[in-house]
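Please read them with the sequence and the structure side by side.

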Amino acid sequence: MKKLLGIVVLGLLLCGNAFSEIINLKCLWNSGYALPEEDMSSNKGKVDFYKIDLNEKEVIDAPSGKYHNFETETSKSFVHVDDDQIYFGIRAKQGKSRHTFTINRNTGVLNEYYSINTDNLKGIINNKFLCEKTTSKKKF
């Protein structure tokens, strides 16, 4: 009986990562705007890649770095996953800047929003990407 229990426990330990759901996304820039007004046409053809672990609720790879639920004295990084969207980013606690991403899981639209509000610099950048699942961002 002890051997059977040991085998069951060992089996459960070994299959723990079998249910991990990691998605790779390839996202093509679609549109965007900036305030103060800025020419965004240089983004045409831009492709960004994202690797997201849905179960662990962390962004493993993104153009702007990794994201997970973590807080410091000056900023808060977050990842929220539900049936309809994936929402992640980082916010300064003083409210002076934030960089957030929202991925609509039904349409594949990724909305990137960046805002800064300091004494020397104020502005907003909003980019929209169309994403599709891919197996990997590297061919080799």
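1. Aromatic pairs. This is a predicted model, and its structure holds six aromatic pairs. Elsewhere, Tyr50, Tyr67, Phe88 and Phe101 come together as one aromatic cluster.

2. The sheet as a whole. The fold can be followed through an open sheet of nine strands, which are arranged in the order β3-β2-β1-β9-β8-β7-β6-β5-β4 with antiparallel pairing. At the edges are β3, covering 58–61, and β4, covering 70–71, each of which pairs on one side only. As background, strands of a sheet pair through backbone hydrogen bonds, and this pairing may be parallel or antiparallel.

3. Strand β1 and its two neighbours. Strand β1 spans residues 22–35 and pairs with strand β2, residues 47–53, in the antiparallel sense over seven bridges. Within this pairing, Ile23 has Ile52 of β2 as its bridge partner. Strand β1 is also joined to β9, again antiparallel, by eleven bridges, and in that pairing Leu35 stands opposite Ile124 of β9.

4. Strands β8 and β9. Strand β8, residues 109–117, pairs with β9 over nine bridges in the antiparallel sense, with Glu112 standing opposite Asn127 of β9.

5. The disulfide. Which cysteines are linked, and how far apart are their sulfur atoms? The partners are Cys27 and Cys131, with their sulfur atoms 2.1 Å apart, and the count for the structure comes to one disulfide. The link joins distant parts of the chain, since Cys27 belongs to strand β1 and Cys131 to strand β9 (residues 122–134), 104 residues apart. The link of Cys27 and Cys131 is right-handed, with 110° about the S-S bond. Cys27 counts as buried because its relative accessibility is 0%, and Cys131, at 17%, counts as buried as well; the cut-off for this class is under 20% relative accessible area.

6. The salt bridge of Lys46 and Asp48. The structure holds two salt bridges, and one of them is formed by Lys46 with Asp48, whose closest N and O atoms are 3.9 Å apart. That value falls inside the limit, because a salt bridge requires the nitrogen to be within 4 Å of the carboxyl oxygen. Lys46 is partly exposed, with a relative accessible area of 32%, whereas Asp48 is buried at 8%.

7. The salt bridge of Glu71 and Lys93. The side chains of Glu71 and Lys93 also meet in a salt bridge, at 2.8 Å from N to O. Glu71 lies in strand β4 and Lys93 in the loop between β6 (85–92) and β7 (97–104), so this pair ties together parts that are 22 residues apart in sequence. Glu71 counts as partly exposed at 49% relative accessibility, and Lys93 is partly exposed with a relative accessible area of 43%. In general terms, side chains of opposite charge can pair when their charged atoms come close.

Notes:
Residues are numbered from 1 along each chain as its sequence is written. This is a predicted model: local features need pLDDT of at least 70, side-chain atom pairs count only at pLDDT 80 or more; totals for chains, interfaces and linings use all residues. Side-chain values use heavy atoms; hydrogens and water are left out. Two strands pair if DSSP finds at least two bridges between them. Helices (H or I, at least four residues) and strands (E, at least two) are DSSP runs, numbered from the N terminus. A disulfide is a pair of cysteine sulfur atoms within 2.5 Å. Buried means under 20% relative accessible area, exposed over 50%, partly exposed in between (1.4 Å probe, protein chains only). Rings of Phe, Tyr and Trp (its six-membered ring) pair if their centres lie within 6.5 Å; planes under 30 degrees apart count as stacked, over 60 as edge-to-face and the rest as tilted.
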